[in-house]
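I opened the model to look up its aromatic contacts. My notes follow.

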Amino acid sequence: MDEQDDRTQIDPRANPWAMLASLPLFSGLPKEIIDAAVAELEWITLPGDSLLFEAGEPADSVYFVVSGCLGAFSAGGKLVGRIAAGESVGEMGLIVARPRAATVRALRDSDLARLSSGTFERVLLSHPAAILRLARLSVERLLENAPARSSAPAAPRTITVIPYDSTIDVAGLAANLVKALTQLGRVDLVGSTRAGGHSSQWFHEVESRNNFVVYVAGPGDTAWNQLCVRQADVLVLAARARDEAGPWSCLNRDAHARQRAELLLLHEGAIVNGASARWRPTLPGAPCHHLRGPADMPRIVRLMTHRAVGLVLSGGGARGFAHLGVVRALRENGVPIDMIGGSSMGGILAAGVAADWTNEELFERFRRSFVETNPLSDFTWPLVSLVSGRKVGQLLRRELGDIDIEDLPLPFFCVSSNLTSGRVAVHQQGPLWRWLRASVAIPGVLPPVFHGGEVFVDGGTMNNLPVDVMRAMNRGPVIGVDVATDPTFTSDIDATEAPPLWNLFRRQRGRRKRPNILQILWRSGMVNSTTSRQENRGQCDLLLMPPLESLDLLDWKSFARAIEIGYRHACERLDAGGLDLLNPPHP
């Protein structure tokens with residue numbers, strides 16, 4: 001935390017020439033242009049959540065944000081852009097002589113300088129240097145709003161911590177948050193006592209000299225809390241996981257609808273199952289974080305600031321054991337796994353990581369479930385599948401229990417293929433064992449999962465490497481691990497019919513290569529996802545493809561060998577520069 005005095009610098013109104021000269025629009029322009037603009041400036045103070053102008057109104061002026069922050073909203077009320085201190089808004093409407101394209105409101109208490117349309121045309125549009133500067137800024141703004149870049153949201157710089165009630169140690173919580181944020185840049189902590197009586201310019205200066213500012217609010221709907229809500233890029237709402245959920249009294253105004261909010265559930269050690277389902281309705285659509293102790297805070301900070309490392313594990317049968325080697329290599333090399341997801345066998349292994357199992361636990365639990373016993377050995381009458389699926393369901397419940405997906409320590413998802421809708425289904429809530437069972441339901445091998453009138457089968461059928469799902473979360477770099485390396489699925493026989501039983505036995509003794517029905521069904525179920533897998537490989541910041549061609553998809557006994565191959569491959573890639581791809585620069 002930055003220990004510094006709180007002396008307020010000179011108000012820009014006392015030196016408007018210096019203020020204008022520092023803005024991108026005026027920086028470097030001749031003195032006479034700036035002098036003419038200064039003479040016509042009008043100063044405006046806009047309280048948080050106040051309207052500046054609405055879409056469709058005539059463009060009659062341009063505004064310069066001196067302190068605070070404005071938000072541009074679409075016709076549907078969605079926040080489409082922020083205008084921070086030092087930026088301008090409204091000049092495009094004047095240049096092209098069109099009505100306002102968006103509605104602009106103050107996201108927090110803001111000070112603005114206004115130039116009328118007449119002054120704008122007389123001072124700026126009549127000088128070639130100013131016109132060139134306007135053109136450059138317009139092009140830069142268009143490039144910044146291009147689709148390729150707009151998908152990555154800006155990391156929040158101001159964070160407000162709000163407790164549900166007075167029993168929560170919000171000061172201690174904020175201090176732990178600041179400690180984690182200091183690993184990313186300069187941080188300051190602001191409470192009501194320190195900030196009392198200061199203007200919006202003081203808040204602007206505190207935020208300008210730090211990479212992050214943490215505001216500490218209290219429970220209830222107070223003037224200080226409302227100011228903290230307006231100042232925040234993101235609201236962190238903290239509640240005890242065991243308490244009964246209720247409304248957030250500090251968010252009883254329309255302003256909070258424009259603020260990004262994230263739910264922080266405080267646990268006393270082990271996670272309380274069902275807590276997310278109780279608390280999430282109080283903040284619909286908001287991400288939920290679980291805080292068991294100080295060790296969880298760095299991960300939560302990375303998630304909030306878009307520096308979280310996401311890991312995606314593909315399906316691939318017994319080859320999926322290589323994922324355990326990859327996880328071990330990442331942990332040993334200090335690469336955090338902040339969120340994880342997968343498809344089919346990759347989804348099951350990812351669930352163990354999301355449950356925060358150690359390397360030893362992962363090894364022992366999966367060895368016990370897949371090596372000591374064959375989960376696909378409960379054959380049944382082939383009405384819908386070759387095996388009943390009972391053993392798979394039992395092992396999932398035995399190892400993972402009845403926990404809900406949203407109550408795992410790490411954010412997790414798995415995918416299945418919805419045969420009813422013909423689309424990929426992404427599972428981020430609900431019983432973990434059920435949706436893992438759906439994600440691994442290879443058509444013809446395991447029976448589908450029937451739920452809510454719909455039919456779900458193996459995720460690998462449509463999306464065997466769901467990197468696109470992780471990428472859409474926009475939380476940081478993504479590692480993809482593809483263990484479903486295309487096998488040499490060949491045969492050394494020439495036939496169009498199944499051989500007589502006695503001839504089949506003779507050929508097996510002669511080691512002739514004929515795929516069995518499980519291999520055929522498994523391979524058939526994965527063929528349709530080949531195109532999506534190729535596309536998703538290209539979305540990875542780091543793609544790992546362990547050389548597993550020599551391992552059969554159903555060779556459960558190659559457990560240790562697959563782990564070793566995954567471990568060695570990941571270590572080699574990380575040593576060869578993979579770590580650099582996962583470390584975005586600090587602000």
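I pair rings of Phe, Tyr and Trp (the six-membered ring for Trp) if their centres lie within 6.5 Å; planes under 30 degrees apart count as stacked, over 60 as edge-to-face and the rest as tilted. The model is predicted, so local features need pLDDT of at least 70 and side-chain atom pairs count only at pLDDT 80 or more, while totals for chains, interfaces and linings use all residues. Residues are numbered from 1 along each chain as its sequence is written, and side-chain values use heavy atoms, with hydrogens and water left out.

Entry 1, the cluster. I found Phe 321, Trp 357, Phe 363, Phe 366, Phe 370, Trp 556 and Phe 559 in one aromatic cluster.

I searched the whole structure and got 14 aromatic pairs. Among them, Tyr 164 and Trp 248 are edge-to-face, at 5.1 Å centre to centre and 80 degrees between the planes.

I call a residue buried under 20% relative accessible area, exposed over 50% and partly exposed in between (1.4 Å probe, protein chains only). Tyr 164 is partly exposed because its relative accessible area is 23%. Trp 248 has 6% relative accessibility, so it counts as buried.

Trp 279 is buried, as is Trp 248.

I require NZ of Lys or CZ of Arg within 6 Å of the ring centre and within 35 degrees of the ring normal. Arg 100 sits over the face of Phe 53, 4.1 Å from the ring centre. Arg 328 sits over the face of Tyr 567, at 3.8 Å.
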